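The sequence and the structure are shown first.

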Amino acid sequence: MRPDDVLRFGGRALTSARGRTWLMLLAMAIGVAAVVVLTALGDGARRYVSNEFSSLGTHLLVMLPGRTETSGAAPPLVGGTPRDITLEDVRALQRAREIRLLAPIVVGSAPVSHKQLERESTILGSTAAMLDIRNLELASGRFLPDDDLLHAAPLAVLGAKLKQHLFGNQPALGEWIRLNDRRYRVIGVLKPMGESIGVDIGDVAIIPAASAQALFDTESVFRVLIQADGRERIGQAKAAALAIMKDRHNGEEDVTVITQDALLATFDGIFQTLTFSVVGIAAISLGVAGILIMNVMLVSVSQRTAEVGLLKALGGRERQILWLFLVEAGLLSLAGAALGLLLALAGVWGLGRTLPELPLVVPPWSIAAALLVSLGTGLLFGVLPARRAARLDPVFALNRR
Amino acid sequence: MIRLEGIERLFQVGDEQVHALRGVDLTLEAGEYVSLMGPSGSGKSTLLNVLGLLDRPNAGRYWFEGIDTAELAEERRADLRRDRIGFVFQSFHLIGRLTARENVELPLMLAGIAPAERHARASKVLDALGLEDRADHRPDQLSGGQRQRVAIARATILEPALLLADEPTGNLDKHSSADVMRVLEELNQSGLTLVVVTHDPEVGERARRRIHMEDGAIVSG
């Protein structure tokens, strides 16, 4: 038999039995669409949770001076007081490959004034990296410039509450404010936010770390915020930070690095559960799709037993008859899968519009799985009954109508 | 051309064994016109299916054009059915979605013959049966007699040696019946061996050789 004849025969069989073909296409399309849409939803939920957690700062490590661990050994005789962390230390830490972002924090309190208005506020000395590490957002202007760590520029970014207190509804950008007796130019205002690292971020002035050290007349850094290069490198980042500090402090481990272990463990648990649910959803929808397709194909081929009998009587070989049904099932599966994918894309698009906060992406593996299942079940359940019919006594097959 | 020796065919129906054919011996010469008659359940259709290589006997031997069919693989039997044997059924067995021409072309398609040649050959056979203006009609647009003539065209397009007709007039009125029988007999006169199963005596009487069956055995002929 010629391949073009096989294709034409299958195509004709599908297009002539329109009701049945549409039913089968619908079954397949719904199956394929269900797999793709449900996995996109599940995966979207997973991504959403993952994003929320990383904005909570799961990648974050905090370094502080001094050892907080209690050791069983006798108290050291020399070097009892821990050495401070300096901006030079911070600069050295920046070179570690495991660390993506690094922000020193210098904290103090000072009166902030503009013209006649004054307010006692928290002053944070930091760098440009703090914006990303703490997920701060600007209402206007810009954040601290990403320049030399040791450069004490007279610049300030104000928290929303502090800006409101000093300027009311007047624009603050470009104005000069006074901290103690030093003058700083306002270059940005933060969006209203809650607390961050235990500080009410609405009521702060953020200035460059070196400026804060000058303001408070200190050489030391209160904390260093470290963001690891990915969640799985948190341990490495911690080890690298400790090693660098030990090296710089004459072999003495006099800093502490805190990771957010409890948060991480919770996150891992939730993430794992969500991954399992996505896999479960995919498996169930694949199964349902398969059974749907199987049923329609079984009915369809059983209805055509007489045709199989006729083809046998006319001298069709078993293999030829199987081939005819295989190609027909393949055509049907392809069309059904294409229709299903269109349906799925439309569905995902619609869901994306109704649930904008969910990052909906169709995972490529789900498309592959859906196609495999529709083709697999379509072919399997198109051919199994056809094979039974082809093996059937043609006399019996012919007399069934 | 055909020789049957001691053909037995048993069917299992529930717990019972039904002896559809018992000890059938039969010889058919090329070009013969034979009717197979008998009451229903006498085994005439079963014998026809054995002759047409659609059914395998449980015992006995069957030579078709000198070939011992018991030793043939299923694929060779399929090829013989396609090339040497034609079937005509009571219920026509035309495929409803295909036109008359496409139905006639089916054996050629199974044989892998190119569309252009198929078209020409089908036209020739349809013309010979007076169906030239019905070639592009689907079976549901044809009368019963026309349908059976399409089925005969399909059965004979590969110029078989043996034509087997199972109650070919069973679903037809008197006029169409006579028409179909005339077509079959013309084919027989051109050299085709014709076997007609019927329980209509009027149809059966037309054959030169009449075989009567009862209880799975040939009683006369």
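The structure is a predicted model.

## Interface of chain A and chain B

Contact between the two chains involves 28 residues of chain A and 30 residues of chain B. Together the chains bury about 2,600 Å², and 57% of this area lies on carbon and sulfur atoms. Of the area that chain A buries against chain B, 24% is supplied by A:Arg12, A:Leu314 and A:Arg317, more than by any other three residues.

Five salt bridges are counted between chain A and chain B. A:Arg317 forms a salt bridge with B:Asp79, with 2.4 Å between the closest N and O atoms. Eight residue pairs are in polar contact across the interface of chain A and chain B, counting pairs with both residues at pLDDT 80 or more.

## Elements on the chain A side

Four elements of chain A each give two or more residues to the side that touches chain B: α1 (3–16), α9 (305–313), α10 (318–354) and α12 (394–398). The largest share comes from α1(A), with seven residues. Sorted by class, this side of chain A has 13 charged, eleven nonpolar and four polar residues.

## Salt bridges

Over all chains, the structure holds 37 salt bridges. In general, side chains of opposite charge can pair when their charged atoms come close. An example is the salt bridge between the side chains of A:Asp5 and A:Arg8, at 3.4 Å from N to O. Because A:Asp5 and A:Arg8 are three residues apart in helix α1 of chain A, about one helical turn separates them.

## The sheet of chain B

Chain B contains an open sheet of four strands in the order β2-β1-β4-β5, with antiparallel pairing. The edges are taken by β2 (16–28) and β5 (67–68) of chain B; each has a single partner strand, so one side of each is left without a neighbour in the sheet.

Strand β1 (residues 2–13) of chain B is joined to β4(B) by five bridges, and the two run antiparallel. Within this pairing, B:Glu5 has B:Arg61 in β4(B) as its bridge partner. Strand β4 (residues 59–64) of chain B also pairs with β5(B), in the antiparallel sense and over two bridges. Here B:Trp63 stands opposite B:Asp68 in β5(B). The strands β4(B) and β5(B) form a hairpin that has two residues between them. In the turn, B:Glu65 has a positive phi of about 50°.

Technical notes. Residues numbered from 1 in each chain as written. Chains lettered and ligands numbered in written order. Predicted model: local features only at pLDDT ≥ 70, side-chain atom pairs only at ≥ 80, totals over all residues. Heavy atoms only, no water. Contact = heavy atoms within 4.5 Å. Buried area = accessible area lost by both parts, 1.4 Å probe. Salt bridge = Lys/Arg side-chain N within 4 Å of Asp/Glu carboxyl O. Polar contact = N/O pair within 3.5 Å; in protein donor to acceptor, adjacent residues only side chain to side chain. Nonpolar A, V, L, I, M, F, W, Y, C, P; charged D, E, K, R; others polar. Pairing = 2+ DSSP bridges.
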